[in-house]
Amino acid sequence: MPLLTIIVPCYNEQESLPHFYSAIVDEAAKLNTAYALDAEILFINDGSQDGTLPLLRQYTVDDERIRYLSFSRNFGKEAAIFAGLEKAFGDYIVFMDADLQHPPAMLGQMYEALQTGEYDIAAARRVDRKGEPPIRSFFARLFYQMINKISKADFVDGASDYRMLTRQAANAILSMGEYNRFSKGIFGWIGFKTSWIPYENVERVAGETKWSFWGLLIYSIEGIVAFSTTPLAISSVLGILFCLVAVIGIIGVIIKTVIWGDPVAGYPTLTCLLLLIGGTLQLSLGIIGQYLAKTYLETKKRPIYIVRETEEDVK
């Protein structure tokens with residue numbers, strides 16, 4: 001039988017896990033009956049501080065299909081996804097959140113799409129943003145519009161991390177061993193044909209979201225830096241533009257003074273120019289600094305994650 005590995009990153013999900021475990025076990029049984037598809041569930045405990053790890057230990061003892069990795073600290077969802085890919089045994093691999101915002105009932109649709117042989121990835125795409133704050137929805141749409149204009153990777157508005165991959169597509173992602181990871185960009189960058197399956201936004205079954213507005217903003221900046229060098233070009237263009245403006249301004253002041261004898265305004269003009277040029281310089285330095293910081297982290301060659309415990313430690 002083909003094997004499906006279900007990768008589930010977890011960070012403080014003790015309230016959601018019992019609901020998710022019950023739902024995914026039922027769905028795994030349906031997949032086995034309908035498609036003769038075996039399933040293993042690989043939980044990635046991303047440094048949880050609540051009762052997530054004890055629950056995973058118990059699931060492992062009770063169910064031989066359950067495996068888990070527990071990180072030494074919180075390394076982030078991107079590291080959890082990469083770790084899951086490295087440890088997955090399946091012929092097919094799917095990423096799911098533990099809060100049931102990714103409906104398990106869609107697994108059958110995804111598997112059917114891959115069986116056509118036309119697609120290597122089947123991904124869920126939200127058709128609405130119901131329950132999401134309007135300001136967050138606005139900036140999310142703005143991000144997708146902007147990133148698609150400045151990047152060569154394919155970013156689809158509403159695309160989630162909930163997607164099923166063939167082993168070939170999974171290996172392509174694993175070949176990208178970069179430290180600064182942005183999965184949405186990586187999924188688009190590797191190519192492969194994707195079948196998009198629409199679904200309506202679902203509220204968390206329990207617990208609270210781990211993503212704040214500022215966390216998502218920083219995450220989006222990381223995505224832009226990871227998949228586009230356009231900000232660096234913008235910084236260069238701004239430098240050239242301000243040089244031209246300065247030259248034109250100087251010529252204008254000389255002409256006004258020599259021909260019309262117009263006195264040059266002093267303090268207010270100087271202050272505004274200093275603030276404008278200083279702010280632009282700081283922006284340009286900040287953009288360059290982001291790229292330098294990412295380069296610095298890559299050159300360190302630090303591991304993407306560190307495992308403290310696995311299911312082998314409790315068996």
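The model is predicted, so local features need pLDDT of at least 70 and side-chain atom pairs count only at pLDDT 80 or more, while totals for chains, interfaces and linings use all residues. Residues are numbered from 1 along each chain as its sequence is written, and side-chain values use heavy atoms, with hydrogens and water left out.

A search of the whole structure turns up 8 aromatic pairs (rings of Phe, Tyr and Trp, the last by its six-membered ring, with centres within 6.5 Å; planes under 30 degrees apart are stacked, over 60 edge-to-face, the rest tilted). Take Phe43 and Tyr59: their ring centres are 6.4 Å apart and their planes at 35 degrees, so this pair is tilted. Phe43 belongs to strand 2 (residues 38–45) and Tyr59 to helix 2 (residues 52–62), so the pair ties together parts 16 residues apart in sequence (helices, H or I with at least four residues, and strands, E with at least two, are DSSP runs numbered from the N terminus). Phe43 is buried at 0% relative accessibility, and Tyr59 is buried too, at 9% (buried is under 20% relative accessible area, exposed over 50%, partly exposed in between, with a 1.4 Å probe and protein chains only). Ring pairs also link Phe43 and Tyr59 with Phe20 and Tyr21 into a cluster.

Over in helix 9 (residues 230–260) sits Ile251, which is partly exposed at 47%. Ile251 forms a nonpolar surface patch with Ile255, Val258 and Ile259 (patch residues have over 30% relative accessible area and no salt bridge; like charges are joined within 9 Å, nonpolar side chains, namely Val, Leu, Ile, Met, Phe, Trp and Tyr, within 5 Å; a salt bridge is a side-chain nitrogen of Lys or Arg within 4 Å of a carboxyl oxygen of Asp or Glu). Together the four have about 390 Å² of accessible area (Shrake-Rupley method, 1.4 Å probe; for residues, only the protein chains shown count as cover).
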